[in-house]
Amino acid sequence: GAVSVKAPMPGNILDVKVKAGASVKAGDVLVILEAMKMENEIMAPCDGTVTSVSVTKGAAVESGALLCTIG
């Protein structure tokens, strides 16, 4: 099934490194999330294909917000 990648904390999206359809490996950086003046790399939890990206650069997200889905 699909794996949902969610924001571990509230913050701002500094960069989105993947697009829908991209092939990723576990540990690849998907999104860079700025929280408390620190840049956090949100990594792929598993190998797969990105089926959807739910955030854009500059967006503010809450903790638990869906960032992207890996199928």
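## Report on an all-strand predicted model

Thr 69, leaving aside its neighbours within four places in sequence, is in contact (heavy atoms within 4.5 Å) with Ala 2, Val 3, Thr 49, Val 50, Thr 51 and Ser 52. The structure is a predicted model, in which local features need pLDDT of at least 70, side-chain atom pairs count only at pLDDT 80 or more, and totals for chains, interfaces and linings use all residues. Residues are numbered from 1 along each chain as its sequence is written, and side-chain values use heavy atoms, with hydrogens and water left out.

**Overall form**

The protein contains 0 helices and 8 strands; helices (H or I, at least four residues) and strands (E, at least two) are DSSP runs, numbered from the N terminus. Along the sequence the pattern reads β-β-β-β-β-β-β-β. The radius of gyration is 11 Å, close to the 11 Å that the globule rule gives for 71 residues, so the protein is as compact as a globular protein of that length. This radius is taken over C-alpha atoms, and the rule is 2.2 Å times the number of residues to the power 0.38. Taken along the principal axes, the C-alpha atoms fill a box of roughly 30 × 15 × 15 Å.

Of the 71 residues, 31% are buried; buried means under 20% relative accessible area, exposed over 50%, and partly exposed in between (1.4 Å probe, protein chains only). Among contacts between residues at least 6 apart in sequence, 55% join residues at least 24 apart. The accessible surface comes to about 4,100 Å², and 53% of this area belongs to carbon and sulfur atoms. Accessible areas come from the Shrake-Rupley method with a 1.4 Å probe, and for residues only the protein chains shown count as cover.

**The sheet that holds Thr 69**

Thr 69 is placed in strand β8 (residues 66-70) and, at 11% relative accessibility, counts as buried. Strand β8 belongs to an open sheet of 4 strands with antiparallel pairing, in the order β1-β8-β6-β3. Its edge strands are β1 (3-6) and β3 (23-24), each of which pairs on one side only. Two strands pair if DSSP finds at least two bridges between them. Strand β6 (residues 48-53) pairs with β8 in the antiparallel sense over 3 bridges, while 2 bridges join β3 to β6, also antiparallel.

**The other sheet**

A further 4 strands form an open sheet, again with antiparallel pairing, in the order β5-β4-β2-β7. Here β5 (38-43) and β7 (60-61) stand at the edges with a single partner strand each, so one side of each is left without a neighbour in the sheet. Strand β4 (residues 29-35) pairs with β5 in the antiparallel sense over 6 bridges.

| Residue | Bridge partner | Strand of the partner |
|---|---|---|
| Val 53 | Cys 68 | β8 |
| Ser 52 | Thr 69 | β8 |
| Ser 23 | Thr 49 | β6 |
| Ala 35 | Met 38 | β5 |

**The loop between β4 and β5**

Most residues other than glycine have a negative phi. Met 36, in the loop between β4 and β5, has a positive phi of about 50 degrees although it is not a glycine. Lys 37 lies in the loop between β4 and β5 and has a positive phi of about 65 degrees, although it is not a glycine either. Met 36 counts as exposed at 74% relative accessibility, and Lys 37 counts as exposed at 79%.
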